[in-house]
Each structure stands twice: as C-alpha cells, then as structure tokens.
Amino acid sequence: MEYTQALDLGEAWPVRWSTTWNFGQTPITTPVRDLGRVDLRRSVPVRRFTWRTDQFHRPGLEYLMATDRHHGFESHEEERLLLVAEFAAGLVEALCQPFLLRFLSEGKAIRHTPDFLLVTESGLFLIDVRPADRIKPEDALKFAATAEAALSAGWQYGVVAGWRQHVWTNVDALSAERRPLRDVLGIQGQLRNAAAQGPLRFGELVERCRVPAIGRAHAIHLLWHRHLGVDLSGPFGDGSLVRLAPQPHHREWPR
C-alpha cells in the first residue's frame, strides 16, 4: 500500500501516464487511458533480447504449442512462467516485453517495461517476473504503478516471485510429451477406457496398456491436453490418482 501512495494518481493520471508500443519500426506512445485500445496483434517487443558470454541472466527462446512459435525470455524464471502459462490452458498469445510504461511518482517520471502480456480465453494478464529475494523498493514501486495501469485497462496483473518446487517439477514432466504423438497402436483409447472405470494410480494405469512403456508417454500427453485429469497439488508420480477428464475440459488436439 505504501508504494501505491507514492504514485501520482491525481485527477487525469491516465492521461499523464503513457505507454510506448513497438509496431515494427514505428514506436507509438499513447496515454494509459487508451491502453485497452491497442492493436495487440501488430505489436512486437519494445526491447531486443541479447546474448553475451559475460552476462549473468539467462535469455533464450521457448516454443509454445498455443502460438506455434518461439517466445523470448530473459531468465530461467521467465522461461518457467511461459511454460506454466501454456499448461494453465486457454492461452491465445504471449507478448514479451509488450510496452514501456512511463508513470509519475512524487513528481518524478519513472519508466518500467513489464515482462509479459498474456492473452487468454478468460482475459488479459499483465505479468512481471522477479524472484522474491530480488524485489527492491524501486521494483515494488514499478509493480504498483503497473498494477494501476493494468486495472485501468480491465486487465489482471501479478508478480511471479517464485514457485513451489513440485509445481514446476510437475509441469516440466508433463511438458515433455506435449507435442503431437502418433498413436498407431491405439494406446490412447486403452488409457481412456481404463481411466473411465474409476480413478487409477498412474503406474497402474499405464500397466493396463498393451505396451506399458509406450503407454507412459501417451498418458502424459493426455494429461497435458486435459483428456486425463490428475491432482497436481503434490508431486506427480506413479502413485498419483488419474481420472478421465470431463469432456468440457478437453483441449483441442494440435493440428
């Protein structure tokens, strides 16, 4: 709350604060008031991703099935966020370094570039990624300002400060089989039929397949795409109970 109080949120602040977007070679600056009117489909990152041998952070590219292309990230924590965002389902688009926010705090102009703008079937989510032990007061002030800008546009905003270890381990394990799999042996039908008879432990479920080793890969594939369901509130393993997911929760198969 103290950081929000340090922001200049007086009359007409959405006009005095601004965002700068990059549309190819043409940066465009608009007031925060017009944030919800930006054509997101044409935007590109406002900052380039760079790779050097002496840098301390770990940038790279992460492929997402939802968009069928690679997305830039600047750290391992940001890479994790992209993968978890895709697993959460409903992801339509992921914009990296979407815009530069210029806001006012105690009469001083400050700039901040949020890490991601996620377009989902349930709305837009503006996200910053920063490990909790690395959030400094100046960062918290920028996050508070970004939250106000997002709220004015009707977007959700959050700061990802870390993950419980089993959350990332679970998502990482399931993502190994997220790509399309050829099912020449009809393994997926065997898995669905077995799961339809009642919850089964993952290890028992794959043993009911004609070829358990292949069944394991297809079961993980079905879990990622929501054709099977499992409780991921704890570590995932052979003892995890697996169910047939209700039809409305199924994802479309990748084309």
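Aspartate 34 counts as buried, at 15% relative accessibility; buried here means under 20% relative accessible area, exposed means over 50%, and partly exposed lies in between, with a 1.4 Å probe and protein chains only. By salt bridge I mean a side-chain nitrogen of Lys or Arg within 4 Å of a carboxyl oxygen of Asp or Glu. Arg33, Asp34 and Arg37 are linked in a network of such bridges.

Before I continue, please note that this is a predicted model, in which local features need pLDDT of at least 70, side-chain atom pairs count only at pLDDT 80 or more, and totals for chains, interfaces and linings use all residues. Residues are numbered from 1 along each chain as its sequence is written, and side-chain values use heavy atoms, with hydrogens and water left out.

A search of the whole structure finds ten salt bridges. Among them is the pair of arginine 178 and glutamate 62, with the closest N and O atoms 3.0 Å apart. This pair links distant parts of the chain, 116 residues apart: arginine 178 sits in the loop between α5 (165-175) and α6 (187-196), and glutamate 62 in strand β3 (residues 60-64). Helices (H or I, at least four residues) and strands (E, at least two) are DSSP runs, numbered from the N terminus. Arginine 178 is buried at 7% relative accessible area, and glutamate 62 is buried at 9%.

Aspartate 238 and arginine 216 also meet through their side chains in a salt bridge, at 2.9 Å from N to O. Here the loop between β12 (228-230) and β13 (241-244), which holds aspartate 238, is linked to helix α8, which holds arginine 216, 22 residues apart. Aspartate 238 is partly exposed at 41%, as is arginine 216 at 32%.

I turn now to histidine 112, in strand β7 (residues 108-112). Is histidine 112 buried or exposed? At 9% relative accessibility, histidine 112 counts as buried. Its side chain makes a polar contact with that of aspartate 128 at 3.0 Å. A polar contact is a pair of N or O atoms within 3.5 Å; within protein, one must be able to donate a hydrogen and the other to accept it, and residues adjacent in sequence count only if both atoms are side-chain atoms.

Finally, isoleucine 214 lies in helix α8 (residues 212-224) and is partly exposed, with a relative accessible area of 34%.
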